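Please look over the sequence and the model shown here, and then read the report that follows.

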Amino acid sequence: MPVKRYIDTLSILLPAWHNSVAEAGISKYQRLAKLVQQAIEKGQLANGSKLPPHRYLADQLGVTPGTVSKAYQELERLGYLQARVGDGSYIRTLPQTRVGPEHFQTQTRNDDGLDLRHNQHIPTHEVELLSQYWQQLAQQPAYIQQLSRYSPEQGWPQHRQAGARWLSLGSFQPQTEHILCCHGSQHALFSTLLACLRAGEVIATEHLSYPGLISAARILGIRVLGVAMDEQGILPDALESLCQQYPIKALYLTPSIQNPTTGVLDTQRRQQLARLAQRYQLLLIEDETHAMLFDERPLPLSYYAPEHCILLSSLSKVACAGIRAGFIHAPARLINKLAQAIKAQSWMVNAFGLDIASQWILSGKASQLAQAQLHALQQRKAALTPILEGCQYRSHSHSPHFWLEVPEPWSAQEIAANLQQSGIRIATAEDFAVGRQHQPQSIRVSISAEPDDLGAIAQAMQRLRTLLLN
Ligand SMILES: Cc1ncc(COP(=O)(O)O)c(C=O)c1O
């Protein structure tokens, strides 16, 4: 009997609905969705339980089928429900196991073709500086000995001090004791999620967001919810309305040179978000990895709401990714939690990579590398931008990628598939999309990839333009 499959579910939902009271400002579908969530959290509804068909449940509860449909949609959006075509809706309590967008998992270099999916540093003089570092280090056995030992979980004091310098900007001057050392921003982000959120909790982010966040959250069983954006980035009103509907714990965002749309939040928007963090007790996780070349970027959100913000960044896009050096700036109340998360993963960070970064930051070499990187980037852009004439795109003077609109009749996937046949790989909006809504027909093309061959990148861009404009 098909009805038997959801009769247990009904026996839980029916009394819960009749015992619940209507709350001002909460519509019926939100009330129903909340009841289902609560039943999951109490362990009354198990993974795989079938929910009644919309019309049947509506009759039982005395509401319209539309109310039930909207409740199911909300639950699906939050990851609590899986709709199987032709078979109904099933409870999902377990985190999704798919690791993440396909392009996040792959290696950065594709020897069979041209991989324009990744933003990475363009080689400048970092190899020379690395050789100098190692030669000098070889003359200091006592220091080598120190770096060879287990370090404090937060990192050695001199490295934390360098991190404070790296993250400072105008009136935002971090204190050393608020800094933790990490193996790059991805590690900083993973450690933050591990320390501050639990499986089943909800993190909001731009509806087009960094795939590394989506992937890390999925692995940890954290639910990700997309927030509407405009050309600057996240919309505070949209975030507020989500905070009123869902128990959102944190917000992750790239406020300066948003990945992928390249927008920059202005000061007013940052202050609005800071106020929302205070009002809704949200943890704001701001990722400035791509913004480190952009000296004129606005002050971070951490300046406006230091008690509610975590700021993370690295040297990957400015100097080189291989040294795996990055930093977290966090309020004092979270430092120990974050240190425990780092310890639980790897006991400590590799002090040698952090030492290279720190020496470069404190000696001014990191700034020289940043200047050289910017120069290399601008040279590439000057050579490649004219090729895109007539195409609709966004970029930022300090960003190595173009965010291009795909005109009718093409779809972004078709363009990507077509280019792939010629050995050219690009990212599409789908790689960045949170949920299945809001996937514009756009593609991301990075000009910092495949560092040695500007001619090949130019040819690929030419091919792309021909496809887009014909
Ligand atoms: C927004 C953002 N954060 C973090 C990272 C990863 O940086 P890292 O190499 O420092 O781990 C990237 C890499 O592309 C990124 O785009």
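The secondary structure of the chain comes to 18 helices and 16 strands, where helices (H or I, at least four residues) and strands (E, at least two) are DSSP runs numbered from the N terminus. The radius of gyration of the chain is 24 Å, close to the 23 Å given by the globule rule for 470 residues, so the chain is as compact as a globular protein of that length; this radius is taken over C-alpha atoms, and the rule is 2.2 Å times the number of residues to the power 0.38. This is a predicted model, in which local features need pLDDT of at least 70 and side-chain atom pairs count only at pLDDT 80 or more, while totals for chains, interfaces and linings use all residues. Residues are numbered from 1 along each chain as its sequence is written.

Along its principal axes, the C-alpha trace spans about 75 × 55 × 40 Å. Buried residues make up 45% of the 470 residues, a residue being buried if 20 or more other C-beta atoms, placed from the backbone, lie within 10 Å of its own, exposed if 12 or fewer do, and partly exposed in between.

**Two helix pairs**

Two packed helices are described by the angle between their axes and the distance between the axes. Axes are lines fitted to C-alpha atoms, for helices over the stretch in contact, and angles run from 0 to 180 degrees between N-to-C directions.

| Helix pair | Angle | Axis distance |
|---|---|---|
| α2 (residues 28-41) and α4 (residues 65-77) | about 50 degrees | 8 Å |
| α16 (residues 365-384) and α18 (residues 454-469) | roughly 40 degrees | within 10 Å |

Helix α2 is therefore oblique to α4, since angles under 35 degrees count as roughly parallel, over 145 as roughly antiparallel, 65 to 115 as roughly perpendicular and the rest as oblique. The contact between these helices includes Tyr29 and Leu32 of α2 and Val68 and Ala71 of α4, where two residues are in contact if their C-beta atoms, placed from the backbone, lie within 7 Å.

Helices α16 and α18 are likewise oblique to each other. Their contact is made by Arg380, Ala383 and Leu384 of α16 together with Leu454, Ile457, Ala458 and Met461 of α18.

**A glycine in helix α15**

Gly353 is found in helix α15 (residues 351-363), and it counts as partly exposed because it has 19 C-beta neighbours inside 10 Å. Leaving aside neighbours within four places in sequence, Gly353 is in contact with Ile323, Arg324 and Ala325.
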